[in-house]
Amino acid sequence: MPPSAPGENMKIDADRLWDSLMEMAKIGPGVAGGNNRQTLTDADAEGRALFQRWCEDAGCTMGLDTMGNMFACREGTDPDALPVYVGSHLDTQPTGGKYDGVLGVLGGLEILRTLNDLDVKTKHPIVVTNWTNEEGTRFAPAMLSSGVFAGIHTQDWAEDRTDAKGARFGDELDRIGWRGEEPVGSRKMHAFFELHIEQGPILEAEGKQIGVVTHGQGLSWTQVTITGKESHTGSTPMPMRKNAGLGMARVLEAVDRIAWSHKPDAVGAAGHIEVFPNSRNVIPGKAVFTVDFRSPNLAVIEDMERRLREEGSAICDDMGLEIAFEKVGGFDPVEFDEACVTAVRKAAERLGYTHRDIVSGAGHDACWINRVAPAAMVMCPCVDGLSHNEAEEITKDWAKAGADVLLHAVVETAGVEG
């Protein structure tokens, strides 16, 4: 065990963490037991205020940058040491759960409270972060503010994002009163750790308490447009049809086949699908859908993209249909920092929690921060792998295990004094 590693008896207060999660869940309640605390809404402002009050009660100073990112700092003993950052996000989906993102922020706060309880000082400061608009559900894309912090997006571009009602991100940030003066991206980090629910079924299915996240999947979104000919469903003979809906179905079968060919880590499907004119008695003349391919291996993503274009074109040529492809989003796979990943794995081993290496299937703020600082993630199970759903659920024991591992990884990286 490294000299600066915390002892096995250093653990968080599970009841206090759980009570904080339940208290935050009262803000922006959903209609079915979850949360609707979308970014830059009045509910978001209320959740931020509660988080700030808790942080100040724990003796922290709060920083706020021009994208609304919040930074609660517990000072270290070395004034020249870069801080160890930990955190996630407080915003939710419109029909979101109580834990996605929130566990990572309040788990970080629980670290500070635990260190205060034990009167433990660290060499490096520890900063708990709430990143603005991780979900991207109101203002696309996801991980927007951490993306600006990491230099992926420009702030002007981010502030011009609009929601479904035409409201600008920048205007809404000003409206709720959570724009700071600190230039976004000006902070330097010693390391960054993020605790998150898995949002998948693997850990629960295998009875593992901890996921040691080694990689984040890369993502590719390709919008496909198939054009045929609208005609009457009853009076158009089968050989004379140019059915764009049928063409889409056959392309989607190819998408599934392509993803299966790169098992077990690659995935593929289409979640956004539109057919036109979408009438009961009209053969579709156009279909528009977005294919979502993901893999931790960039070469696999590139192969899936290539095969989609080749096989989709062949299918539509045979059917007398036109097809067009447009890459509308994506990012490369992430390999998290080896030292930070090792700190997470050793923490799980030291505490006796069952664990396995895992690849994150979803995007997270840590994926962008990994571009500018060493980063890693800790995952805990969620019931049935369900997330982005008001029925999202975890147990207090899972939350405790994840926060304990987070505590040990962060404190070991920050260095225990004395």
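Reply: The part in question is an open sheet of four strands, in the order β9-β11-β7-β12, with antiparallel pairing. At its edges stand β9 (267–276) and β12 (322–331), each with a single partner strand, so one side of each is left without a neighbour in the sheet. Neighbouring strands are turned by 15 degrees against each other on average, direction ignored. This is a predicted model, in which local features need pLDDT of at least 70 and side-chain atom pairs count only at pLDDT 80 or more, while totals for chains, interfaces and linings use all residues. Residues are numbered from 1 along each chain as its sequence is written, and side-chain values use heavy atoms, with hydrogens and water left out.

Helices (H or I, at least four residues) and strands (E, at least two) are DSSP runs numbered from the N terminus; two strands pair if DSSP finds at least two bridges between them. Strand β7 (residues 218–227) and strand β11 (residues 286–295) pair in the antiparallel sense over 10 bridges. Within this pairing, Ile226 stands opposite Ala287 in β11.

Two helices complete the description. Helix α9 (residues 298–319) packs on the sheet and touches β7, β9, β11 and β12, where contact means heavy atoms within 4.5 Å. The direction of α9 makes about 165 degrees with that of β12. Helix α8 (residues 244–260) lies across β7, β9, β11 and β12, and runs at about 5 degrees to β11. For these angles, axes are lines fitted to C-alpha atoms, for helices over the stretch in contact, and the values run from 0 to 180 degrees between N-to-C directions.
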